[in-house]
Amino acid sequence: MTDLRDFPITRKWPAQFPEWLQLYSLPTPNGVKVSIMLEETGLPYEAHRVGFETQDQFSPEFLSLNPNNKIPAIIDPHGPGDEPLALFESGAILIYLADKTGQLLAQESAARYETIQWLMFQMGGIGPMFGQLGFFNKFAGKDYEDKRPRDRYVEESKRLLGVLDTRLQGRNWIMGERYTIADIAIFPWVRNLIGFYEAGDLVGINDFPNVLRVLERFVARPAVIRGLEIPR
């Protein structure tokens, strides 16, 4: 049996199934990327809820796994060489899980790197911009009298949605007919922007019909429906 007791995080979140992959997360746009990926691939895993309301992400146990205090993070007891592997950063985890399972990321070089390109588009653009827009529209930023910061993120979010909408013209998924980790990375953020962040009207989401079309297909997938609620 794999012994995960060398990882301090297991003192706060004990592993009931130490042979399974351990997920430390919360159902945020970044968090559900990994839970959706795990549901899509069928890997056995155990989910642990990192509660922001109790500042679990700043606990010494969580920081021992991710010093950047962000979810999600994982421990795979059967990493490379069958040795335990700890990882943080959702994009890195998606690539790792795709390579581990041979699913949702092409192995041939051109399609592989094009998929990773769109994953980085989310990591470097959609995630940060949509997150800032959410702050200025729904959270503390909404009380700022100066609306220039909010409007800056509105315009950049519109631009990014336009890039995505153009890419999806005539395609079922970002990579065409093939559903990949790029879709898993991007569409939870689109869903959050127009749902939880309540910014659909601000960005004129109806001006991006291809984005809405593919979002509808994405959220209808059984693995996505399950993954959006994990960890409960």
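Biologist: Which helices each supply at least two residues of the lining of the largest pocket?

Modeller: Rolling a probe the size of a water molecule over the atoms shows where empty space is left. Here α2 (29-41), α5 (109-138) and α7 (181-194) each supply at least two lining residues, and α5 gives the largest share, 5 residues. Helices are DSSP runs of H or I, at least four residues, numbered from the N terminus. A pocket is an open set of points on a 1 Å grid over the protein atoms alone, where a 1.4 Å probe fits, with protein on both sides within 12 Å along at least five of seven lines; lining residues have an atom within 4 Å of a point. This is a predicted model, where local features need pLDDT of at least 70, side-chain atom pairs count only at 80 or more, and totals for chains, interfaces and linings use all residues. Residues are numbered from 1 along each chain as its sequence is written, and side-chain values use heavy atoms, without hydrogens and water.

Biologist: How do I read the aromatic pair of Tyr-179 and Phe-218?

Modeller: A pair of aromatic rings is described by the distance of the centres and the angle of the planes. Rings of Phe, Tyr and Trp (its six-membered ring) pair with centres within 6.5 Å; planes under 30 degrees apart are stacked, over 60 edge-to-face, the rest tilted. Tyr-179 and Phe-218 are tilted, at 6.5 Å and 40 degrees. Tyr-179 sits in the loop between α6 and α7, Phe-218 in α9, 39 residues apart.

Biologist: Is Phe-218 buried or exposed?

Modeller: Phe-218 is buried, at 0% relative accessibility (under 20% is buried, over 50% exposed, partly exposed in between, with a 1.4 Å probe and protein chains only). Phe-218 also pairs with Phe-187, at 5.8 Å and 35 degrees, so that pair is tilted too.
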